[in-house]
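Please open the model in your viewer and keep the selection tool at hand.

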Amino acid sequence: MIRLFETHVVRKQKEITGTWQFCTVSDGGEKGTNRFVQVPSCWESIHGLEDYRGKGVYAKTIRTQSENIRLIFKGVSHTADVFLDGKPIAHHYNAYTEFYALVKNLEKGDHKLEVYVDNSFSEQSALHVANDYRSYGGITRPVILEELDDLFLRWMHVTPILENGAWKVNVKIQLVNLADGTRTVKLRCEIEGQTLDFGTLEVSEEAEAERTFELTNITAWNPENPRLYLLTATLTDESGKAIDDLTDRVGFREIKVEGDKILLNNKRIYLKGFNRHEDYGQLGAAVPVEIMSYDIDTILYTGANTIRTSHYPNDERFLDLCDERGIFVWEEGHARGLSEAQMRNPHFKRQSDDCINEMVVSHYNHPSILMWGILNECASDTEYGRECYALQYGRLRELDKTRPLTSASNKYEKDICMDLADIVSFNIYPRWYIDDEPGEYLANLKSGVDATAGKGKPMIISEFGAGGIYGYRSFTKVKWTEDRQADITKEIITKYAGLDYLSGLILWQYCDGRVDNEWAMNRPKTQNNKGVVDIYRQPKLAYYTIKECFEAIKTRP
Ligand code: ADA
């Protein structure tokens with residue numbers, strides 16, 4: 001499944017599924033045993049490679065009847081070099097954002113596609129580093145083959161505008177001309193029977209067309225009624241023949257910050273939910289859509305309304321499901337706990353900028369995404385760190401003027417980047433890493449923040465929680481028991497839920513997830529065990545506790 005809805009009728013598009021060949025590749029280039037795997041998948045799902053960190057190559061014969069094709073890779077973990085018939089056609093770094101290869105003047109028929117993948121840690125990788133989540137290896141999200149005319153629609157960004165109680169829409173479309181010279185084409189969009197006409201365009205290599213249109217009879221998107229609309233752009237040539245199309249699904253909602261409150265469609269909202277890693281049992285980061293759907297239902301069943309995509313851009317099919325279910329999403333660029341030294345990696349700024357660009361360009365239209373986050377627990381207490389935060393916030397504001405920005409900090413009152421954010425967020429672990437009483441701990445944090453530029457901004461507790469090993473129960477309620485995890489969860493939520501200055505409580509975390517071996521010493525089972533369900537989604541005591549607590553918060557907006 002490519003998306004949860006049809007994105008093309010005119011353009012031919014198919015997912016390259018089925019069996020691929022795979023083998024490991026040593027640093028010296030020697031190839032290992034040939035295996036037959038499904039894509040998407042992680043190579044850790046292959047017996048003998050459960051712990052493999054290094055290089056591998058996937059191969060597949062593809063067939064096309066078009067001379068212009070685009071191969072879209074939704075996620076390759078973490079570095080990809082793509083070859084078609086032995087010729088290099090794409091290179092990409094980062095497991096969590098999509099990229100594509102355009103090939104023109106191709107002969108019709110069969111072609112050999114090879115994808116060299118590397119998930120090793122080195123100076124070449126500034127964001128995928130040994131961490132408290134696993135950087136899996138493989139083609140972990142779908143691969144798509146498109147057959148294109150000379151002219152195609154590369155992306156379409158749809159911005160809802162609420163004015164005097166009525167909805168307008170700004171539509172910005174990027175067109176690409178693969179042929180020489182200039183083409184004269186017509187571009188028009190359609191939404192719910194309403195035509196949005198861009199008229200005639202002259203396109204040489206690339207062009208952007210942007211218009212704002214009045215709309216009638218539009219229903220707002222919100223959790224109670226996540227109303228979605230299909231908006232289709234169609235490109236016709238000089239003869240009136242349709243040569244390309246692009247459909248996306250949009251929701252009309254406005255998100256803004258007013259004082260220390262977060263407003264959706266001019267009503268205050270309170271975020272209560274979970275951090276979620278993309279990790280499931282033996283399948284690792286290649287989480288099937290069925291499990292994504294199950295996760296959202298399991299999260300909603302607790303009375304939660306929010307998911308934070310800790311700590312990277314998520315699979316867009318998951319975001320499609322969030323749009324449909326009306327769940328709020330805090331999506332964030334890829335980074336977790338990087339020190340200043342790690343942020344000084346020579347590739348860090350470019351790799352971070354690429355990730356942010358790719359995240360916003362491909363996920364801009366999802367109404368469920370209410371805010372963008374960056375740099376979870378990175379060096380926001382240093383001048384150099386601040387320089388990086390400012391760069392990333394600046395890039396996000398260039399790309400998207402509609403969503404508030406935040407960053408989950410563990411530098412607290414020493415954080416010197418809170419003036420750059422719209423919302424201030426903190427990861428805190430009273431009763432787990434420190435045995436402080438949660439109420440007093442938060443009161444101290446709040447007064448510390450009020451002495452900084454964070455004062456008066458909406459404040460979210462973006463992480464809190466405790467470890468609990470599935471199945472470990474004890475009258476002693478010692479640490480790592482499910483019993484202790486449930487008690488800590490209940491104590492914290494009960495003490496924090498009534499605080500009007502908080503705009504959200506996001507628990508760490510929804511499900512257990514595998515961590516890199518370098519973290520194994522303080523991560524039983526080489527997993528982060530703070531999930532309220534285990535890696536197979538089996539509920540722990542804390543799941544029922546948090547359901548009881550979140551449902552009690554129903555009285556809040
Ligand atoms: C940090 C971090 C999370 C996770 C958590 C923990 O807050 O942001 O990714 O590592 O701590 O489990 O300690």
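The model is predicted: local features need pLDDT of at least 70, side-chain atom pairs count only at pLDDT 80 or more, and totals for chains, interfaces and linings use all residues. Residues are numbered from 1 along each chain as its sequence is written, and side-chain values use heavy atoms, with hydrogens and water left out.

**The ligand.** Select the ligand and the 13 residues around it, of which D132, H311, E377, Y433 and E463 come nearest; a residue belongs here if one of its heavy atoms lies within 4 Å of the ligand. This shell consists of three nonpolar, four polar and six charged residues. The classes are nonpolar (Ala, Val, Leu, Ile, Met, Phe, Trp, Tyr, Cys and Pro), charged (Asp, Glu, Lys and Arg) and polar (the others, Gly among them). Next, display the side chains of E377 and E463: a polar atom of E377 is 2.6 Å from a ligand oxygen atom, and one of E463 is 2.4 Å from a ligand oxygen atom. The ligand taken alone exposes 320 Å², of which the protein buries 96%; these areas come from the Shrake-Rupley method with a 1.4 Å probe.

**The largest pocket.** A pocket is an open set of points on a 1 Å grid over the protein atoms alone, with protein on both sides within 12 Å along at least five of seven lines; a cavity is a set where a 1.4 Å probe fits but cannot get out, and lining residues have an atom within 4 Å of a point. The volume of this pocket is about 590 Å³, counted as the space filled by probe spheres set on the points. Colour helix 4, which gives the most to the lining, with six residues; helices (H or I, at least four residues) and strands (E, at least two) are DSSP runs, numbered from the N terminus.

**The cavities.** Four cavities of 30 Å³ or more are counted. For the largest, select Y96, R134, E278, A285 and Y312, the closest to its centre of the 15 residues that line it.

**A loop residue.** Finally, select G284, in the loop between strand 23 (271-275) and helix 1 (289-300). G284 counts as buried because its relative accessibility is 1%, where buried means under 20% (1.4 Å probe, protein chains only).

Notes. A polar contact is a pair of N or O atoms within 3.5 Å; within protein, one must be able to donate a hydrogen and the other to accept it, and residues adjacent in sequence count only if both atoms are side-chain atoms. Buried means under 20% relative accessible area, exposed over 50%, partly exposed in between (1.4 Å probe, protein chains only).
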